Amino acid sequence: QSALTQPASVSGSSGQSITISCTGTSSNIGGHDRVSWYQQHPGKAPQLIIYEVIRRPSGVSNRFSASKSGNTASLTISGLQTEDEADYYCASHGDVNILVFGGGTKVTVL
Amino acid sequence: QLQLQESGPGLVKPSETLSLTCTVSGGSISDDYNWWGWIRQTPGMGLNWIGSIFYSGATHYISSLRSRATISVDTSKNQFSLKLNSVTAADTAVYYCARQVGGGVWAFDIWGRGTRVTASS
């Protein structure tokens with residue numbers, strides 16, 4: 001059982017937008033602005049796509065955006081492309097000096 | 001370009017100690033800013049943070065593994081290591097080492113390729 005709750009799967013058609021939710025508690029997401037998101041293709045290491053709730057690392061497509069409200073963080077992928085088909089994980093800094101991950105969401109492009 | 005590479009045995013017997021090393025190249029582990037962490041991924045399951053270390057030796061661990069895990073750093077070799085004792089089948093996973101962005105960001109921006117470890121007799 002992961003500390004953060006994500007939907008197991010989300011799907012969308014090419015060109016559409018999808019949103020993945022990540023729900024925690026006041027001890028992690030709600031109490032810290034240190035939420036990150038990772039994309040993982042099969043057999044590959046995770047890649048950081050969002051950090052500090054909304055920031056994108058250099059080189060990450062601006063089709064990825066994120067937000068946070070209360071104990072829930074969200075990742076939105078706009079203009080869905082086949083290359084976006086992957087697993088997505090949220091993570092959050094939590095009390096005290098720990099990092100917790102979500103269980104992951106499989107994104108399918110229809 | 002900074003790179004990380006995990007190394008260590010792929011098979012560990014139950015009750016024994018899992019030992020992995022992460023070698024950092026293309027940059028210094030002693031940069032006085034970033035932390036260095038271990039994350040594992042069990043088969044078909046999600047990611048789990050094990051712990052992180054600063055070049056000074058300061059560490060943070062997830063509470064569930066604190067009693068069994070030890071992360072250490074060797075700045076002369078630009079390496080950091082993970083030891084996990086009393087392993088069971090539940091410790092079978094792909095183990096990743098990664099750079100944790102400094103400044104309290106709590107995100108991992110550069111990852112190794114991962115190494116698969118099986119706990120079995």
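This dialogue concerns a predicted model, and it covers one residue and one interface.

Colleague: In which strand of chain B is Ser52(B) found?

Modeller: Ser52(B) belongs to strand β5 of chain B, which spans residues 47–53.

Colleague: Does Ser52(B) count as buried or exposed, and why?

Modeller: A residue is called buried when its relative accessible area is under 20%. Ser52(B) counts as buried because its relative accessibility is 0%.

Colleague: Which residues does Ser52(B) touch, leaving aside those up to four places away in sequence?

Modeller: With those set aside, Ser52(B) touches Trp35(B), Trp36(B), Gly37(B), Ala58(B), Thr59(B), His60(B), Ile71(B), Gln100(B) and Phe108(B).

Colleague: Let us turn to the two chains. What is the area buried between chain A and chain B?

Modeller: The size of an interface is often given as the accessible area lost when the parts come together. Between chain A and chain B, about 1600 Å² is buried, and carbon and sulfur atoms give 65% of that area. Chain A contributes 17 residues to the contact and chain B contributes 19 residues.

Colleague: How many residue pairs are in polar contact between chain A and chain B?

Modeller: The count is seven residue pairs, with both residues at pLDDT 80 or more.

Colleague: Which elements of chain A give two or more residues to the side that touches chain B?

Modeller: They are β3 (35–40), β7 (86–94) and β8 (98–101) of chain A. By class, that side of chain A has nine nonpolar, five polar and three charged residues.

How values were computed: Residues are numbered from 1 along each chain as its sequence is written. Chains are lettered from A and ligands numbered from 1 in the order in which they are written. This is a predicted model: local features need pLDDT of at least 70, side-chain atom pairs count only at pLDDT 80 or more; totals for chains, interfaces and linings use all residues. Side-chain values use heavy atoms; hydrogens and water are left out. Helices (H or I, at least four residues) and strands (E, at least two) are DSSP runs, numbered from the N terminus. Buried means under 20% relative accessible area, exposed over 50%, partly exposed in between (1.4 Å probe, protein chains only). Contact means heavy atoms within 4.5 Å. Buried area is the accessible area (1.4 Å probe) that two parts lose on being put together, summed over both. A polar contact is a pair of N or O atoms within 3.5 Å; within protein, one must be able to donate a hydrogen and the other to accept it, and residues adjacent in sequence count only if both atoms are side-chain atoms. Ala, Val, Leu, Ile, Met, Phe, Trp, Tyr, Cys and Pro count as nonpolar, Asp, Glu, Lys and Arg as charged, and the others, Gly among them, as polar.
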